[in-house]
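The sequence and structure come first.

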Amino acid sequence: KDAKVQPVLNIDDFPEYVHPVLRELDDEGDGVIQMDELTEALSSYAIMKRAAMSGHIALSTLPKEIQPLLQVFDVDKDGTVAPLELA
């Protein structure tokens with residue numbers, strides 16, 4: 001059975017002013033945003049937005065080298081560091 005074709009977004013189909021942002025998402029550099037690239041970007045954005053709204057730091061959005069240093073403060077192990085966890 002043929003593998004299901006995943007939808008893609010062609011960067012050239014978007015206005016020129018968003019091309020730089022879309023190229024950042026294009027891991028393969030082929031001018032096309034694959035579904036996994038879009039999912040990763042939107043998931044990271046949602047995590048950052050939720051954390052910012054609650055005043056927390058989302059550990060997964062930080063550089064990999066910094067994450068272990070702040071994980072010790074994540075008392076409730078929810079992947080974020082709240083101001084009270086730093087107190």
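Valine 72 is exposed, at 61% relative accessible area (buried is under 20%, exposed over 50%, partly exposed in between, with a 1.4 Å probe and protein chains only). Its place is the loop between helix 3 (67-71) and strand 4 (80-81); helices (H or I, at least four residues) and strands (E, at least two) are DSSP runs, numbered from the N terminus.

The model is predicted: local features need pLDDT of at least 70 and side-chain atom pairs pLDDT 80 or more, while totals for chains, interfaces and linings use all residues. Residues are numbered from 1 along each chain as its sequence is written, and side-chain values use heavy atoms, without hydrogens and water.

On the surface, Ile57, Val72, Phe73 and Leu86 form a nonpolar patch with about 340 Å² of accessible area together. Patch members have over 30% relative accessible area and no salt bridge; nonpolar side chains (Val, Leu, Ile, Met, Phe, Trp, Tyr) are joined within 5 Å, like charges within 9 Å. A salt bridge is a side-chain nitrogen of Lys or Arg within 4 Å of a carboxyl oxygen of Asp or Glu. Areas come from the Shrake-Rupley method with a 1.4 Å probe.

## The negative patch

Asp27, Glu28, Asp30, Asp36 and Glu40 gather in a surface patch of negative charge. Aspartate 30 is partly exposed, at 39% relative accessible area, and sits in the loop between helix 1 (19-25) and strand 2 (32-34).

## Asparagine 10

Asparagine 10 belongs to strand 1 (residues 8-10) and is partly exposed at 32% relative accessibility. The side chain of asparagine 10 reaches the backbone nitrogen of aspartate 12 at 2.9 Å.

Terms used: Lys, Arg positive; Asp, Glu negative; His and termini not counted. Charge placed at Lys NZ, Arg CZ, Asp CG, Glu CD. Polar contact = N/O pair within 3.5 Å; in protein donor to acceptor, adjacent residues only side chain to side chain.
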